[in-house]
Amino acid sequence: MNPQDRFDDLLTRRLRTDAPAEAPSHLLGRTMERIDATPQGGRGWLTGPAGKLLAAAAVVILAVLVGTQLGDLVDRPIGDDPSLSPLVVPSDSSQPTATVAPSISTAPIASTAPSASPGTPEPTESPVAVDDLLLRVVSAGGGPIDPASLMPWATLMADGTMIWQPESRTAINGFMTRRLTPSGLAELREHIFGAGLLDVSATHELEPQPGVEPPGRGASLHTFTAGNGADQVVVTSVQWLGDDEESTYYQPDADREQLDAVAQQLRDPESLVEADAWTGPAEPYDASDYQLILTTYRDFSPSEHPDVSDVPIPFDEPLDEFGVESGDQRPPMTRCGVISRAEAAQIVDAVTAMGSAITNSVGLDRPTLASLNWAAGNGTVDMYLLPRMPDGFPACEDQP
Amino acid sequence: MTDRELVHAAAGGDRDAFAAIAAPRLDRLFATATLILRDRGRAEDAVQEALVRAWRDLRSLRDPQRLDAWMRRLLVNACRDESRRGRRHESNIRLLQDHDLPTADASTELADRDELDQGLLRLSADHRAVIVHHYYLGLSLSEIADALDIPVGTAKSRLHHARRTLREAMDPESQRSEGHVA
């Protein structure tokens with residue numbers, strides 16, 4: 001890579017890294033409060049009956065927007081986020097695949113088969129019914145959220161399959177899986193659900209002490225999803241910031257502290273139950289299918305990275321037509337789809353061969369990340385390949 | 001409902017229609033303002049101000065297809081004003097998140113990024129706006145000129161100056177000896 005390209009690449013990445021993924025959740029509301037007190041200037045050019053009809057329809061759109069886009073946002077200033085790994089080292093790629101698969105491993109796998117059906121929406125059918133999910137823990141926030149950061153720390157299925165991502169501050173670890181015996185599952189369930197904190201949906205936010213202005217800082221949000229269908233419980237809880245900071249700035253919240261402890265402990269579930277609580281050894285997680293996310297940058301300073309055409313992405317049409325739209329649909333465009341394990345394996349092999357210049361995490365048992373040139377679009381593309389959990393998480397609509 | 005319909009409704013005084021215009025653009029506006037101002041608190045203020053101005057002057061937008069370009073221009077103007085007001089908040093810009101950047105030589109790149117940060121802080125808000133629009137939003141020079149309400153030639157010279165400043169921050173010796181920037 002020549003110095004100019006390296007500079008452009010570094011600058012581009014730096015800006016993408018610094019850009020917050022979300023606006024604070026209060027921003028729109030506060031803006032609208034100001035707008036309520038601000039008269040419009042000039043003469044309106046559409047104030048007739050049509051405009052009033054459109055306005056009525058807009059109320060519906062707003063309700064949807066608020067419900068789907070703003071309702072889940074958490075206002076969190078960006079800053080140090082102790083939950084995020086400070087350094088990622090190149091991975092040794094292609095981990096051996098696990099044989100301890102969920103009981104559904106022989107079930108047919110839904111795939112977009114993108115090459116056969118360009119632009120086809122992502123099939124969300126999962127090989128396992130969603131009601132097999134006992135608990136999922138996702139912890140993210142405190143800064144820009146990328147697709148890989150939404151991968152769950154832990155997933156526990158009703159058949160006793162436990163999948164977790166061991167904590168590491170130096171690398172993106174691969175997911176591990178291990179099956180609990182019935183008594184082991186009961187033991188772990190008691191540990192997780194015994195306190196009753198996941199019985200009903202709830203939100204646990206930071207509550208500053210009266211008269212105290214806490215410093216700006218990043219904080220992660222734990223999201224616990226328990227159960228299924230109409231009975232599903234979703235509990236969100238801001239991470240515990242440490243005894244000193246909590247006691248100085250925030251009101252006591254024992255539930256939030258306990259939920260943080262549960263989330264952290266589930267990154268090492270083997271420490272929570274007896275050694276005989278498992279049916280076999282832990283293995284790298286071998287997913288049945290994978291979520292492929294492509295963020296394309298057309299007409300955007302290419303680097304000397306390999307071209308995405310050297311990666312066997314199972315899609316013949318332009319990459320920015322792959323799968324379904326995901327997230328914000330202004331440039332850069334993000335597309336999302338689900339591919340089979342076999343298709344994912346070919347991508348992992350290709351990325352592994354390209355080496356650490358383009359990736360810091362690659363393997364079937366972990367998020368595979370790659371930054372590639374995109375000659376066909378005169379730009380670049382960021383690729384995320386994520387192993388999906390047995391319940392089909394994440395689906396494309398789960399991505400920001 | 002299309003943007004055009006929403007713009008028409010909002011220009012007719014409908015606040016909900018305006019909220020429907022603003023909501024899906026909020027994240028991108030906030031990210032852009034944060035990168036230009038290097039401060040989340042001031043970025044919030046700038047986004048609010050830009051949206052209030054958009055509401056107030058929406059009737060002057062004759063071509064709804066230019067809505068996004070118009071809002072970019074309002075945002076840059078609001079950032080410029082905010083920058084002039086001086087530093088009123090402590091910066092919340094997050095520290096480097098190393099996992100975001102794949103690298104073969106982490107130590108070299110860490111040093112480069114520190115220097116890049118210093119270089120970005122050294123730039124004026126106007127020059128940072130050019131950098132952000134080019135490298136983050138991926139806009140062409142003519143689009144940048146439109147967003148900043150400046151001639152294309154000025155956009156080009158600002159981009160040149162900003163890049164030179166940043167490259168000098170990263171490698172002062174080579175820049176002095178080269179005496180130019182590609």
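In what order do the five strands of the open sheet in chain A stand? The order is E10-E11-E9-E13-E12, and the pairing is antiparallel. The edge strands are E10 (324-325) and E12 of chain A, each pairing on one side only.

This is a predicted model, in which local features need pLDDT of at least 70, side-chain atom pairs count only at pLDDT 80 or more, and totals for chains, interfaces and linings use all residues. Residues are numbered from 1 along each chain as its sequence is written, while chains are lettered from A and ligands numbered from 1 in the order in which they are written.

**Chain A overall**

Chain A has seven helices and 13 strands. Both are DSSP runs numbered from the N terminus: helices are H or I with at least four residues, strands are E with at least two. Of its 400 residues, 46% count as buried. Buried means that 20 or more other C-beta atoms, placed from the backbone, lie within 10 Å of the residue's own. Among contacts between residues at least 6 apart in sequence, 76% join residues at least 24 apart. A contact requires C-beta atoms, placed from the backbone, within 7 Å.

Nine of the nine residues of E13(A) (residues 379-387) are buried, so the strand is largely enclosed by the rest of the structure. Two strands pair if DSSP finds at least two bridges between them.

A:Ser371 has A:Asp382 in E13(A) as its bridge partner. The hairpin of E12(A) and E13(A) has four residues between the strands, and A:Asn378 takes a positive phi near 50 degrees there. Helix H7(A) (residues 341-354) lies across E9, E11 (333-340), E12 and E13 of chain A. H7(A) runs at about 115 degrees to E11(A). Axes are lines fitted to C-alpha atoms, for helices over the stretch in contact; angles run from 0 to 180 degrees between N-to-C directions.

**A helix pair in chain B**

H3(B) (residues 26-37) and H7(B) (residues 125-136) pack at about 135 degrees, with their axes 8 Å apart. They are therefore oblique to each other. From H3(B), B:Thr32, B:Leu35, B:Ile36 and B:Leu37 meet B:Ala125, B:Arg128, B:Ala129, B:Val132 and B:Tyr136 of H7(B). These residues divide into seven nonpolar, one polar and one charged. Ala, Val, Leu, Ile, Met, Phe, Trp, Tyr, Cys and Pro count as nonpolar, Asp, Glu, Lys and Arg as charged, and the others, Gly among them, as polar.

Notes. A residue is buried if 20 or more other C-beta atoms lie within 10 Å of its own, exposed if 12 or fewer, and partly exposed in between; C-beta atoms are placed from the backbone. Two residues are in contact if their C-beta atoms, placed from the backbone, lie within 7 Å. Angles under 35 degrees count as roughly parallel, over 145 as roughly antiparallel, 65 to 115 as roughly perpendicular and the rest as oblique.
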